[in-house]
Amino acid sequence: MSEEFEPNIVAFLCNWCSYAGADLAGTSRMRYLPNVKIIRVMCSGRVNPLFLLNALQQGADGVLISGCHPGDCHYLEGNFYARRRFMLMRKLLEHVGVDPGRVNMSWVSASEGAKFADVVEETVAKAKEAGPMDQFRRRQINW
Amino acid sequence: MGDYKFARDKLADVLTSLKEYQVFAPAAVGDVLRFKEVTDPANVSLDYDNTTVPPKELMFPQTETLFKYRLGSTEVEPSVPDASKKRMVFGIRPCDAHAYSIVDNLYGWDFADPYYQKRREGTTLVGLACAEPCANCFCPSVGGGPASEKGLDALMFDLGDAYYVNSLTDKGEEFAKAAGLEAAGDADAKAAAKQGEDALKKVARSIDTAGIPEKLPSLYDHPFWEQFSDRCLGCGICTFLCPTCHCFDIQDEAEAFDARRARMWDTCMFSEYSLHTSGHNPRPTRKERTRNRISHKYSYFPEKFDVIACVGCGRCINHCPVNIDILDILDKSKQAEAKEAKTA
Amino acid sequence: MVDEKKLQEKARETLIRDDVRRLIGWKRGTYGFEAAPAVVTDASQAEQLIFDATCVANPASFIAIEEKKPVPRGAEPDTRKVAVMVKGCDSRAVVQQLVEKAYAREDVVVLGIPCLGVVDRRKAEKLFGQTGAQVSAKVDKEKVALDIGGDVKTVDRSNILMDKCLRCRYPNPLVSDFLLGEEVEKWADDDFADVDEFEKMSPEDKWKHWDEQFSKCIRCYSCRNVCPMCYCVECVVSKLRPQWTRRSTDISENTVYHVQRAWHLAGRCIECMECQRVCPVDIPIMTLNRKMTRDVKEMFEYEPGVDVEAEPMLACYNPQDPEEYIM
Amino acid sequence: MVESYRPKIGVYVCDCGINIASVIDVPAVVEFASKLPGVAVSREYTYMCSDPGQNLIKEDIANEKLNRVIVASCSPRMHEPTFRKAIREAGLNPYFLEMANIREQVSWVTVDHAEATEKAKKLVEAAVAKALLLEALEEKEVDVIPSCLIIGAGIAGIQAALDIADAGFKVYLVEKTPSVGGHMAQLDKTFPTLDCSACILTPKMVDVANHPNIELMTYSQLEEISGYVGNFKAKIRKKARYVDFDKCTGCGVCAENCRLAGRIPSEFDELIGNRGAIYLPFPQAVPAKYTIDPERCLQLSKGKCGKEGPACVAACGPGAINFEQEDEMVEIEIGTVIVATGFDVFPMEKKPEYGWAENDNVITGLEFERLVSSSGPTGGKPVLGRDKKGEGGYLPEKVAFIHCVGSRDKSVGNEYCSRVCCMYLAKQAHLIRDKLPEAEITVFYMDMRAFGKGFEEFYDRVRREGVRYVRGNPSEIYRKGDDHTVVVKVEDTLTGTPMEYEADMVVLGVGLEPRKDIREIIDLFKLSQSTDGFFLEAHPKLRPVDTASDGVFLAGCCQGPKDIPDTVAQAKAAASSALILMAYGKVKVEAMVSVVSPDECRGCGFCVEVCPFGAIELVEENRMGNIVQVAFVNEALCKGCGSCAAACLSGAIQPRSFKDEQILPQIAVLGVKP
């Protein structure tokens with residue numbers, strides 16, 4: 001336990017805003033923590049809330065879903081659906097006892113590289129506070 | 001073999017003395033009873049009707065690793081249980097012990113299943129006779145009874161202030177010795193016998209199984225199944241809670257590069273149980289699945305092993321949410337005219 | 001209460017119709033405190049049908065889970081209507097099934113039954129023990145009278161009715177072609193106090209609770225199968241490609257199964273409580289559904305199963321939806 | 001094509017000069033990748049995007065028979081097209097490419113080199129996990145029918161129609177009212193140049209009627225539209241005019257003889273002038289064909305007109321009048337659509353405190369236009385207070401103009417600026433000054449927005465002409481006494497003094513609103529609205545005339561308030577956008593579209609509801625002899641966003657290249673800690 005807990009975060013970023021925003025954070029050489037690993041999807045509306053459940057089960061300590069700001073969705077409405085879904089999924093997980101700090105969502109536009117870096121830091125900080133996700137992680141199970 | 005007894009308030013002491021055994025006894029989670037490994041003997045109580053989940057899970061766990069391997073490697077590491085490790089099922093009801101002896105037929109048939117058999121070999125079964133059968137018990141109709149000794153190593157009777165223990169096998173004797181039980185008197189044996197007889201009379205439900213195994217195949221296409229299958233939910237309650245149902249599915253599971261092959265309970269009541277890769281399903285609706293469950297227990301199994309694969313524990317009746325009552329089905333099957341089948 | 005003779009007469013009338021294939025209602029069970037759901041196809045079977053406070057099952061469940069047999073080449077599929085008897089709560093399932101296009105309105109004949117509440121088997125068995133008798137039960141605004149094999153017991157409603165009945169807001173069917181019996185007055189409201197109470201627990205205590213509950217699960221899927229909203233051709237839980245949930249039973253897979261189930265019912269659950277009723281190992285499944293129902297109502301002002309014209313909750317949005325945690 | 005079932009993956013890790021290699025231990029990543037399942041080749045190269053880098057991949061595809069390629073380099077948003085092209089050239093389906101973004105997401109943002117290397121490994125492993133399940137996708141092209149449907153024949157529709165027709169393509173121009181021209185035809189002069197609106201518009205109106213490539217359908221409405229970009233089918237209802245279009249010469253004798261002549265308020269004149277039951281909306285109307293108003297015509301509404309029967313029939317020489325005429329449905333096929341349905345002016349009912357309904361000397365800007373138009377009911381004299389026969393009246397002496405009526409006003413739900421009112425009121429003030437040199441003119445404004453070419457100069461000129469501008473937003477306008485004096489109650493916000501300004505004419509600078517019946521078009525095309533209620537363009541900056549529906553473009557005020565030059569510019573842009581599709585003749589269909597597994601679909605239609613593009617519909621499916629409803633994706637409409645997949649409960653609908661079964665392995669890799 002001497003080593004500090006480093007949470008592992010799986011992030012789902014929409015191709016048009018947030019992934020581009022993450023790219024901008026890169027091109028602007030902003031430094032952020034390596035804990036967040038990104039999966040590219042075309043739209044935040046693509047992210048099935050069950051992905052999040054799966055990520056926690058696989059061993060992620062937190063998840064991040066990021067899309068375009070409301071009204072800016074490349075596909076017009078995808079982020080509105082995403083917002084509704086994750087608002088609710090987060091409540092459901094909270095009811096089961098999952099720390100709500102593990103479920104994070106953000107609006108990051110293609111021009112918000114700095115915001116993306118901030119979002120990463122905040123997401124990692126929240127997951128750190130929540131501690132290792134060991135409630136229903138698969139690897140816990142002794143075969 | 002031997003007649004023993006121990007005082008009711010010595011139950012915890014008896015269990016404590018069984019250190020060389022891994023002891024399983026009924027334990028409550030909320031209102032639900034299930035056999036669990038005894039961690040604190042003080043918490044064990046034998047005042048129960050029967051467990052919701054039958055103790056078949058102790059021989060045939062719901063999920064069981066068969067072997068482990070590493071992805072990309074051809075080496076496997078079998079996970080066969082160790083028979084030399086002594087286990088005891090304490091307080092098992094006669095019907096559930098009877099069930100083991102029925103399932104033994106299958107797991108020792110064309111292929112000796114080491115996972116099941118090793119567990120069986122290493123396990124001592126200490127039964128508890130039923131003084132008050134439940135509303136839907138019908139064990140005497142299928143060769144059992146509230147005080148049946150089938151499959152047991154010892155049988156206990158709750159005589160109020162003491163438990164009378166009748167050891168039936170060497171394993172039973174070993175248990176009596178390990179537990180340091182005192183010898184019982186004739187009066188106790190008589191009281192136990194009396195209790196057994198009384199209990200038998202209290203069993204409210206019954207079925208005359210004569211002729212059923214032979215008749216069911218003739219009702220294969222009979223419409224009478226539909227009056228039950230039409231309300232069947234297709235869930236796994238009746239089969240998962242059945243002490244004799246023994247079907248399993250095999251799955252490979254991997255965590256990164258570590259993998260295992262495991263088997264887990266499966267049920268003929270699920271549509272995917274009989275679903276072919278082609279998309280064809282020989283049992284396309286619940287009618288065929290309901291028919292299969294009953295026919296397997298009361299016809300196919302006896303045809304092969306000469307014993308009905310049902311112990312009359314009543315669990316499928318008690319827990320079916322839509323009142324599909326196996327006795328009702330059997331009763332209706334007896335009334336059904338085989339020739340009607342053609343018109344189905 | 002409904003006159004049984006009238007009910008059977010209406011059922012007979014309905015079954016005689018050329019355009020009706022089957023009727024789903026209730027009949028007396030072989031034993032105990034619950035009536036059995038009944039699927040009848042012939043007018044001669046109408047006399048089996050009953051309605052009283054033991055008729056707890058939701059007949060609407062059976063409309064959608066019926067498996068159609070393959071139709072032989074050249075033959076015509078049977079497209080006649082299905083008639084279904086529904087209590088107020090059951091009728092919400094029909095409404096929601098219509099919203100989700102499980103069938104068209106003209107495919108069903110709905111026989112509505114105003115209801116004063118139904119008996120909870122678990123509560124009854126706690127009071128009177130398991131019985132082999134075929135129990136019947138009458139309910140009025142104050143008491144429930146149970147006839148247990150000739151022995152009549154009278155119990156306060158709150159001690160024996162299903163929890164859903166004690167907070168019932170829709171005692172009268174929301175959709176029906178024929179109403180069997182007089183409409184009744186609503187007697188309760190739902191303040192979701194149970195959800196509030198559960199939420200007071202710490203995350204650790206919540207998980208401790210669920211760890212224990214989910215560990216019991218034997219994955220018989222009765223909760224899924226009985227649900228009137230669960231009738232996917234292939235449930236994601238059973239899918240192998242991709243495999244969302246493994247078939248192994250352990251705390252990880254069991255938890256994921258239950259959360260998936262609750263998620264898939266978010267904004268769809270009509271609170272008939274059948275999932276919890278049928279669970280053989282007494283998992284308080286409704287605790288998750290109730291949480292979703294409450295939050296959907298609070299956050300999105302949405303209530304499923306009350307309006308046939310409504311858009312499905314997760315297939316619509318409001319630009320002003322809450323987003324307080326979004327960065 | 002080399003697409004065998006068993007994956008053979010090539011992994012290419014790019015140094016990007018030192019951009020990647022100086023932070024990430026590239027050889028370690030290459031070594032790690034070489035051991036992953038299915039990986040046949042794993043290489044490092046300085047610049048993968050360079051020609052030699054691409055050739056490396058191409059050679060391996062040829063020699064090692066690779067069937068999946070992973071490039072670990074920069075963002076796929078940068079070079080995905082480059083590498084797709086490269087592997088296509090090597091004979092592999094371009095969708096067998098997956099990229100791991102180890103520059104923007106790792107080397108450029110991570111401080112610790114060891115951590116960066118570990119993260120890069122993970123990203124490569126996730127890419128391999130997904131690559132194992134990639135599928136070959138087909139890029140399809142569909143032909144574009146070389147014709148365009150334009151809805152609305154105001155200046156926007158007219159201009160777009162002329163441009164497209166001049167380029168040699170067929171245009172169907174559909175107009176709801178009996179004449180083309182729209183709002184612009186109602187205007188007197190245009191700001192800031194004071195051109196006569198009719199003079200510049202009518203030649204174009206005549207052109208659209210005569211152009212060989214334009215089929216003009218006035219008094220017609222779009223009823224149905226189906227299909228997708230390049231291949232739309234439309235049903236148009238040509239409403240019955242009760243006048244034979246070909247026989248009518250437009251002589252107007254019928255209208256003179258109509259028993260209701262001059263007794264029905266004219267819509268064109270904003271109800272301050274009158275017409276008959278058979279009418280031409282205005283003298284320069286195109287087509288110059290008469291129309292009978294079926295709701296007002298005695299013969300049509302009452303079944304009887306006078307003792308001798310309809311006078312118009314008797315009067316019409318060519319015998320053009322036909323009371324038996326019925327609506328006609330026309331079906332057309334088009335490749336592109338331009339929506340130019342225009343706007344409605346702000347309805348004064350929503351602002352009763354300005355007393356418009358009670359006082360006939362309180363008029364809207366558009367009423368003013370008709371009042372001062374030489375072709376208007378008063379012949380261009382701003383006469384107020386005429387009697388029913390249109391006689392008598394007075395010329396105003398004190399005129400007030402009010403800005404921002406129904407614009408920039410949250411209380412009526414319109415937060416936006418209507419963009420034209422400042423200038424049209426300045427123009428109208430000028431017109432009053434011109435016609436009534438002695439009148440006292442006061443303009444009440446909130447802010448003056450004179451941003452266009454020549455606008456500020458014009459505003460200056462108007463002020464110099466003796467028009468007083470007072471900064472203040474009137475709270476109330478009411479009648480005082482028995483004469484026609486009305487009081488404008490306002491606070492001069494520059495001096496802070498409350499005023500009760502007495503005027504005998506008040507002109508309300510009403511703003512522009514979305515058409516009241518905008519829903520009809522929204523439902524037909526599944527278009528979206530922005531918060532102001534106008535149609536939403538595909539991108540506010542870069543795709544201002546496109547919509548989310550491919551092949552459907554916007555022109556003019558239906559997208560938001562505009563003045564005439566902006567409208568014309570946008571119309572030309574919309575025309576050019578439609579022409580791009582039609583001139584090329586083919587359109588690429590997105591390859592990464594959603595696909596339905598009909599056997600798994602429960603037919604609930606959640607996906608249909610969620611799809612922002614109307615790409616999904618429920619169709620009948622024969623499932624083992626039983627007919628069920630299942631989702632069906634129109635691939636030409638689908639944009640591959642995948643919202644449908646997240647809404648689908650059974651996973652029956654999936655976007656290609658982003659299927660659940662492709663994403664879950666990525667989660668599995670990234671979820672597990674190193």
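Predicted model: local features only at pLDDT ≥ 70, side-chain atom pairs only at ≥ 80, totals over all residues.

Modeller: In chain B, 75% of the contacts with a separation of 6 or more are accounted for by residues 24 or more positions apart. Along the principal axes, the C-alpha atoms of chain B fill a box of roughly 65 × 60 × 40 Å, and 57% of the 344 residues in the chain are buried.

The part to look at closely is the interface of chain A and chain D. Here 46 residues of chain A are in contact with 46 residues of chain D, and the two chains bury about 4000 Å² between them, with carbon and sulfur atoms giving 59% of it. On the side of chain A, the residues that lose the most area to chain D are Arg40(A), Arg46(A) and Leu76(A), which together make up 17% of what that side buries. Across this interface the rule finds two salt bridges, together with 16 residue pairs in polar contact, both residues of each pair being at pLDDT 80 or more. The elements of chain A that give two or more residues to the side touching chain D are strand E1 (9-14), helix H1 (18-27), strand E2 (36-41), helix H2 (49-58) and helix H3 (78-96). The largest share of that side, seven residues, comes from H1(A), and by class the side has 24 nonpolar, 10 polar and 12 charged residues.

Side chains of opposite charge can pair when their charged atoms come close. A search of the whole structure finds 111 salt bridges over all chains. One of them is formed by Glu80(D) with Arg40(A), where the closest N and O atoms are 2.7 Å apart. Glu80(D) lies in helix H3 (residues 76-89) of chain D while Arg40(A) lies in strand E2 of chain A, so the pair joins two chains. Glu80(D) counts as buried because its relative accessibility is 13%, under the 20% cut-off, and Arg40(A), with a relative accessible area of 16%, is buried as well.

The interface of chain C and chain D can be set beside this one. There, 24 residues of chain C are in contact with 21 residues of chain D, and the area buried between the two chains is about 2100 Å², of which 58% comes from carbon and sulfur atoms. The rule finds three salt bridges across this interface, and Glu100(C) and Arg602(D) meet through their side chains in a salt bridge with an N to O distance of 3.3 Å. Eight residue pairs are found in polar contact across the interface of chain C and chain D, with both residues at pLDDT 80 or more. By class, the side of chain C that touches chain D has 14 nonpolar, one polar and nine charged residues.

Other charged pairs lie within a single chain. In chain C, Arg167(C) forms a salt bridge with Asp194(C), the closest N and O atoms being 3.8 Å apart. This pair links distant parts of the chain, with Arg167(C) in the loop between helix H6 (163-166) and strand E8 (178-179) of chain C and Asp194(C) in helix H7 (residues 193-199), 27 residues apart. The two partners fall into separate accessibility classes: Arg167(C), at 17% relative accessibility, counts as buried, whereas Asp194(C), at 36%, counts as partly exposed.

In chain D, the side chains of Asp460(D) and Arg463(D) meet in a salt bridge of 2.8 Å, N to O. Because they are three residues apart in helix H13 (residues 455-464) of chain D, Asp460(D) and Arg463(D) are separated by about one helical turn. Asp460(D) is partly exposed, with a relative accessible area of 30%, and Arg463(D), at 38% relative accessibility, also counts as partly exposed. Beyond such pairs, salt bridges that share partners join Asp196(C), Glu199(C), Lys291(C), Arg294(C), Asp295(C) and Glu298(C) into one network.

How values were computed: Residues numbered from 1 in each chain as written. Chains lettered and ligands numbered in written order. Heavy atoms only, no water. Contact = heavy atoms within 4.5 Å. Buried area = accessible area lost by both parts, 1.4 Å probe. Salt bridge = Lys/Arg side-chain N within 4 Å of Asp/Glu carboxyl O. Polar contact = N/O pair within 3.5 Å; in protein donor to acceptor, adjacent residues only side chain to side chain. Nonpolar A, V, L, I, M, F, W, Y, C, P; charged D, E, K, R; others polar. Buried < 20%, exposed > 50% of the residue type's maximum accessible area, 1.4 Å probe, protein only. Helix = DSSP H or I, 4+ residues; strand = E, 2+ residues; numbered from the N terminus.
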